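Hi,

Here is the model I promised to pass on.

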Amino acid sequence: MTGFALDNDAPRGKFRSLLKARDIFFHDGNSLRRFRMSVPLQLSAAAAALSALCWSIFATAQLATVQMESVQISGNSAQVEQQVRAMRAEVAAIRQQVQARYSFTAREVRRLGLDPKRVAYNGKGGPYETVQPLNAADPNFKALFTSWKSLDQLEQGTISIPSLKPVANASFTSGFGNRADPFQGRTAMHAGIDLAGPIGTPIYATADGVVARSEWAGGYGNLVEINHGKGIQTRYGHLSTSLVGAGQRVKRGDLIARMGSTGRSTGSHLHYEVRIDGKPVNPVPFMQSNDYLQSVQARAAIATGTALGGPSSASK
């Protein structure tokens, strides 16, 4: 049986043959020169070449990564721009809706003879909270904020408009304007309307406000006068009983008095007035406010935490 042995020194010998002193001949044109490269010098050169190769590979990988990120950023930028354009279009559409709603509300307020600027709520106070200023470079958002603020102020201000009926079920017996005076028979100005009903019929505040007077007032008899702000007042005369006092804050629909026949009266009824800057105006258009204005007042009441009560203003 023939056997053989592995020569473990063969690879080692080949490696050693690579790393040995070598002579390099160089001809400079005049003479032949010889340079000897020692083993340490060869190792240093090999290490330098390997480092250069590794750095080249690393730099190539980094460049490829940067290019891929650049492509991704470019795609993201296009997507962001598309989202911004969509957002601006949506903001513009919302602003148009807000402006349309403001215009419609303002028209209904003018129909009552009131200036929307007068009605718009501009109350001040409350806790201080910092707000970042609007960026002037973003006019769409700034315009939307301004439009929405104007609408909100107008809708909140409508709470001061006396649109509720002061009596639930009453007979309309006398209108606003010139009429024959029931006592003297001559033509006289009637500064309000008369709504007849049994003595003790509930009388309700027709808008939010503060009671200015609750007292006997000559021909009015027992009178309640409420200031609603913006120069708007309501008066309730010939009452049998007043249930509120001067300085008391009342809400739209609060029970404030009961019907009677006190003062210059021929029978149980409510004499009801609406005054603007102290001048009497016809209360009927206020009592006939359409569903839109009533819904605006309802939204504003919910926003400000005002509960609506009293008779239904939908029943005419």
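Below is what I found, going from the whole chain down to single residues.

First, the housekeeping. This is a predicted model, so to speak of local features I needed pLDDT of at least 70, and side-chain atom pairs count only at pLDDT 80 or more, while totals for chains, interfaces and linings use all residues. Residues are numbered from 1 along each chain as its sequence is written, and side-chain values use heavy atoms, with hydrogens and water left out.

**Overall**

The chain has six helices and 14 strands; these are DSSP runs numbered from the N terminus, with helices being H or I of at least four residues and strands E of at least two. It has 316 residues, and 30% of them count as buried (under 20% relative accessible area; exposed is over 50% and partly exposed is in between, with a 1.4 Å probe and protein chains only). The accessible surface is about 19600 Å², with 56% belonging to carbon and sulfur atoms (Shrake-Rupley method, 1.4 Å probe, and for residues only the protein chains shown count as cover). Of the contacts with a separation of 6 or more, 65% are between residues 24 or more positions apart; contact here means heavy atoms within 4.5 Å.

**The core**

The largest nonpolar core has 30 residues, and L114, I203, V224, I226, Y236, I256 and L270 have the most contacts inside it. By nonpolar core I mean a set of buried Ala, Val, Leu, Ile, Met, Phe, Trp, Tyr and Cys residues joined through side-chain atoms within 4.5 Å. Among the elements giving two or more residues to this core are helix 2 (39-111), strand 9 (222-229) and strand 10 (232-242). Strand 13 gives the most, with four residues.

L239, in strand 10, counts as buried because its relative accessibility is 0%. Beyond its neighbours within four places in sequence, L239 is in contact with residues including I203, N222, V224, A257 and L270.

**Strand pairing**

What does strand 8 pair with? Strand 8 runs antiparallel to strand 9, over six bridges, and V211 sits opposite I226 in strand 9. Strand 8 (residues 209-216) is also joined to strand 11 (residues 249-250) by two bridges, again antiparallel, with V210 partnered by R249. I count two strands as paired if DSSP finds at least two bridges between them. Strands 8 and 9 form a hairpin with five residues between them, and G218 in the turn has a positive phi of about 55 degrees.

Most residues other than glycine have a negative phi. K230, not a glycine, has a positive phi of about 60 degrees. K230 is in the loop between strand 9 and strand 10, and counts as partly exposed because its relative accessible area is 24%. D277 also is not a glycine and has a positive phi of about 55 degrees; D277 lies in the loop between strand 13 and strand 14 (279-281).

Cheers
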